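Work through the exercises below with the sequence and the model side by side, and try each task before reading its solution.

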Amino acid sequence: MSQVLVTVRYRVQGDHAHFRHDMTKVAGLIAGIPGLVWKIWGIDQGRDVGASAYLFASEASARAFIAGPMLERLRSRPDVTDVSFELAPIDQDLSEMTGAADALAGVPMAAAL
């Protein structure tokens, strides 16, 4: 079973503190997504850009996330536009060569809770 990386990009319009506050409430729900190993948040307030990277244990769990309610909730926010995503299988060998072995060895979040 091959791990899959999902990247999500979006634009945040308006009050970034409000957006971040709302995301602290959503983070617990995201942590419980089946098959999620980890998520990294990136928000560039100066450019109003957000980017998130999600590592999923399998392609099936990544595709279930993409088809599920989380991205739709993000798209439905009035302060978020231009939501896009990409999905790519992890290249284990290259990732380990650049220091990601420990990150890729993680247990899915829902199993760790």
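**Exercise 1.** Find which residue caps the N-terminal end of helix 1.

Solution. Helices here are DSSP runs of H or I with at least four residues, strands are runs of E with at least two, and both are numbered from the N terminus. This is a predicted model, in which local features need pLDDT of at least 70 and side-chain atom pairs count only at pLDDT 80 or more, while totals for chains, interfaces and linings use all residues. Residues are numbered from 1 along each chain as its sequence is written, and side-chain values use heavy atoms, with hydrogens and water left out.

**Exercise 2.** Work out what span helix 1 should have.

Solution. The expected span is 1.5 Å times one less than the number of residues. For the 16 residues of helix 1, residues 16–31, this gives 22 Å, which agrees with the 22 Å between the end C-alpha atoms.

**Exercise 3.** State which residues of helix 1 are buried.

Solution. Buried means under 20% relative accessible area, with a 1.4 Å probe and protein chains only. By that cut-off, His-16, Phe-19, Asp-22, Met-23, Ile-30 and Ala-31 are buried in helix 1. Across the protein chain, buried residues make up 36% of the 113 residues.

**Exercise 4.** List the order of the elements along the protein chain.

Solution. The protein chain has six helices and four strands, and from the N terminus on they run β-α-β-β-α-α-β-α-α-α.

Terms used. Buried < 20%, exposed > 50% of the residue type's maximum accessible area, 1.4 Å probe, protein only. Polar contact = N/O pair within 3.5 Å; in protein donor to acceptor, adjacent residues only side chain to side chain.
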